[in-house]
Amino acid sequence: MRYAYALATAVATAAALPACTGGNPNDRITGQTEFVSSAMAGYSRAGATSGGGGSGGGDAAGAPAANGAGNPAMRTVEETDLYRLDGTTLYYLNGYRGLMVFDVADVDHPKLLGRSPIYGSPVEMIVRNGIAVVVVSDWYGALDDGSPFHGSIVRGLDATNPANITPIGEAKLGGWVRDTRVVGDVLYAVSEDYGWVYGWGGLGDVGVGSGSTGVGTTTQPTASVVVSSVYFGAGAIQSVGYHAFPGYTGIFNVTANSILMAHDTAAQTAQTELLYLDISDPQGAIVQRGAITVEGRANGWGADNGRWNLDFADGKTAHLVGCAGGQYGCNGNGYVLDTVDFSNPNAPVLKSKLDIPSTGWSIAARFDAGRMYLSPENGYYGSNNSGTPFQVYDLADPSAPKLAGTATIPGTVWNILPAPQQRIFALGNDWNGGNSGDSVSLKYLDVTNPSAPKLIGTSTFGQGWAWTPAAGTFKAFTMDATKGLVVLPFSGWSYNSQSYNNGLQLIEFSPTTTRTAGAAKTRGWVERGIFVGTRLVSLSDLALSVVDYANHDAPKVIAELTLARNVIAAHPAGATIAEVSSDWWDHDVSASEVRVLPIGNAEESTDAGNIPSVNVDGVNAQVFRNGDVAYIVTNVSVAAKCSGQACVRRAQQVQVVDLSGGGATLRGKLRLPLDDSGFYGWGWWGCYWYDWYGGAEVVQVGGSVLAFRRFSPIYDASGHSIIDDASALYVVDLSDADAPNLASVTITQELDGWWGNLRVVGGTLYSTHVEWFQKLGDPNAWLTKYYADRIDLSDPRHPKVGSKINTPGLIIGGSEKDPSILYTIDYRWDGTYNKNDFDVVRLHGNKAELLSKTTLDGWVGQTFFQANHAYLSTERYDNSYSTVHTDLHAIDLTNPSSPVDRVSNAKKGWGWLLAVEGDRAVVTSGWGGAGVDIYGLSDDKAPEFRQFARTRGWWANGVSRQDSSLFLSSGYWGVQRIDLQ
């Protein structure tokens, strides 16, 4: 049995080869203080056993190789991971906030030393002498010839001074990185490049074409597997090797001198090509040697992207288990175990092929010390509740591998992990067939006798639905054999409590027993649980939590650092910036937070220390400013009755926060009546910038009045809606910041009516309601009339609805100088196309006179008004919907009877006007969260493109400006500062 042991404070996560000398070094003795271990599965040096570089947690496993990894004669294989613990410095690659560096010398009081934001999706890294080499996928940029690039990169970051982390270079990789390994001073990566063209029709100005650095952009999808190398020695980041092979799945096994890669063929047959790549060059050159095609299709998904389905532990004999047929799984087609001799790398020889009857849809496998452990990953237990087969195969004779024994275990199997003393952990879940979810389960087996594997016990945890990242990678499976302890990060949802359960689960084990101990509940989606000194540290997307686990049955969180907040608004004011964050994922359904930071640290690159902050009840916050006062609107969870049963509904609340003097002080608050239209939680639209049709759910009128649209129609027995008090306009008077007042008024009594689209023109509030005008022969072809409702808020405690005004479409704004002039967008259907007219009307009492009509091509986004100009974006498609362009319109309304529409040069791809800030307009660029295009605005010219800014995250919640800087509120990615050019 092979297993890599670590010292007392380290975590051992992988297995070691049997010793070449007499005796078994894995037979440990109580009181032993020195341990001999050998390489992890899949790693060896030519002619000698090498030391493993596990990444499970702890000083020994996470530190750079002590024997000089940069020495060509002593190169070892190291794992990359999301974290590195180097002495008392912890490096963590956070999916939201990038590289974060912490001082954990006093682990009970961890300190953030600095961070480096990273665009794209951080994958893994390695750290050497304070230099972090980071792998990033979903990267948008450009190739050397200027053509667009979307793929993966390797970036070097000098973190020797964590307070000032600086990039030292980057190298582009092909496609989407699947797996990486480091040998010496070279990082090797295997990627999948589907040749996709990103964006609708491939016409986005950013993110177009293939990510393959070796072939440039493509116009037709051409799938390939890419193996590349990046040299990072001597403070440089340099692309060296690049080999692309047709096909899809790419699995590679790395030794100190070779890469054995398995990939399926482009023809999608039930075959796999095995390639030997020589990597003995310490500078990273890759030389292709021999190749062989074998039966069975490599299963390139599951734990570590199928890594454990390929074995090359001794650098000579390869084992591969794959599907005998079928493009997407093995169900009904059987498995194939191939054994290939690579003693001569230029001429590999097939030694044997073993057909294995199918037991499931796909494979969970592990090769270990002359054996293969095999179980169906899924597709078996769900249809047969009697259990899942766990098989042991004897591989001692390469010419005749054979099934040794089988056991039946409960639940499914995601990942198989070796343990000390010929034991095996099988990680999966227990499928119960109900609606309460599936808990995570860790099966513990004795495989001392391969002909009779025996289940020792099962630990089940995670109330309701639960999952652990250890299902996807062994790097999240933390084990300390000296303590007999497994630590598993998990995240889940409890249907009983209607809340998230996230944290670290402790499981005790000995050679003959296993027991589920306690769990420490932490915040966020937990990625790793690692040993640091005498504590456990939980690393999640949202928090770093320190856990005292002295009592295994009751581990407790004793310290916590928030790593990422969902920033929904940022308001600069001189030397400070007020940032409002609110949990969107419902991890915390109780409060939002208002924090005031120095403007120079708006992006929180270093620990902000003690800063003014206050908590506000509720989540999904919106922010409205009135000078030094902020009105924070949130959704508060309130217990209620729904059809006679207990449920949770929302009550909107307004909290006044005084931000004067750079502080944050709570003033008055007011809670609106419960919303009876639905349950509390996601789905309350109208509060985001892109929800233009219904208009905002809350608008600010003047300085100290907030108006709330509450549309909750009640339906009678015939199915018709009746507008009553449940669909009222609520008005909150905040003129007394310490004692807000609430009033309400009904907008319309129209049967089956709809109302909404709250808009403020000057100091006047307008809503729009719809009345059915005519029924044609087709009951689906009804016509309606839009009516504007002018609401008198001169006395906000007694709002009044004026006479209705028939308008051509929805009101979107009005003239700042002439209150009788309103602007509308008229969305019309002519039987073939949508027509979008920007209309100007003049009010004569209760009549609206059309003054002008400006037809706009494409779909219209939100409209912004500034002085006598309207700014809006449109998206234009061709007749086949395969081509899309974005235009930015600046409509000069100086003469309302003859507007002048000045249009920017069209940009390829999707786009949406986010904000207008002074003389700049901000438009989303391309597809997804690639970046923003910033346009310069002037009174007598079309908008002119000024700069592109790459953005972090999926989208911007808000944009603000101070002087020549924009501040984007980018959710969990935080605040991003963009200096205008």
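Trainee: How many helices and strands are there in the chain?

Mentor: This is a predicted model, and its chain holds one helix and 74 strands. Of the 981 residues, 57% count as buried, and the accessible surface comes to about 37,000 Å², of which 50% belongs to carbon and sulfur atoms. Among the contacts with a separation of 6 or more, 50% join residues 24 or more positions apart.

Trainee: Why is Ala369 called partly exposed rather than buried or exposed?

Mentor: Its relative accessible area is 33%, and the label buried is kept for values under 20%, while exposed requires over 50%. The value of Ala369 lies in between, so the residue is partly exposed. Ala369 is found in the loop between β23 (362–368) and β24 (371–378).

Trainee: And what makes Ala867 count as exposed?

Mentor: Ala867 has 52% relative accessibility, and because the cut-off for exposed is over 50%, the residue passes it. Ala867 also sits in a loop, the one between β63 (864–866) and β64 (869–877).

Trainee: What makes the phi values of these two alanines worth a remark?

Mentor: Most residues other than glycine have a negative phi. Ala369, however, has a positive phi near 50 degrees, and Ala867 has a positive phi of about 55 degrees although it is not a glycine.

Trainee: How do you know that strand β10 is mostly covered?

Mentor: Strand β10 spans residues 176–183, and seven of its eight residues are buried, where buried stands for a relative accessible area under 20%.

Trainee: Which strands does β10 pair with, and what makes them count as pairs?

Mentor: Two strands pair if at least two bridges are found between them. Strand β1 (residues 77–79) and β10 have three bridges, whereas β10 and strand β11 (residues 186–193) have seven, so both meet the requirement. Each of these pairings is antiparallel. Val77 has Val183 as its bridge partner in β10, and Thr180 has Ala189 as its partner in β11. The hairpin of β10 and β11 has two residues between the strands, and there Gly184 takes a positive phi near 65 degrees.

Trainee: Why are β36 and β39 called edge strands?

Mentor: They belong to an open sheet of four strands with the order β36-β37-β38-β39 and antiparallel pairing. β36 (526–532) and β39 (556–562) each have a single partner strand, so one side of each is left without a neighbour in the sheet. Neighbouring strands of this sheet are turned by 20 degrees against each other on average, direction ignored. Within the sheet, β37 (residues 535–540) and β38 (residues 543–548) pair over four bridges, and Leu536 has Val547 as its bridge partner in β38.

Definitions and conventions:
Residues numbered from 1 in each chain as written. Predicted model: local features only at pLDDT ≥ 70, side-chain atom pairs only at ≥ 80, totals over all residues. Heavy atoms only, no water. Buried < 20%, exposed > 50% of the residue type's maximum accessible area, 1.4 Å probe, protein only. Contact = heavy atoms within 4.5 Å. Areas by Shrake-Rupley, 256 points an atom, 1.4 Å probe, with all protein chains shown as cover. Axes fitted to C-alpha atoms, helices over the stretch in contact; angles between N-to-C directions.
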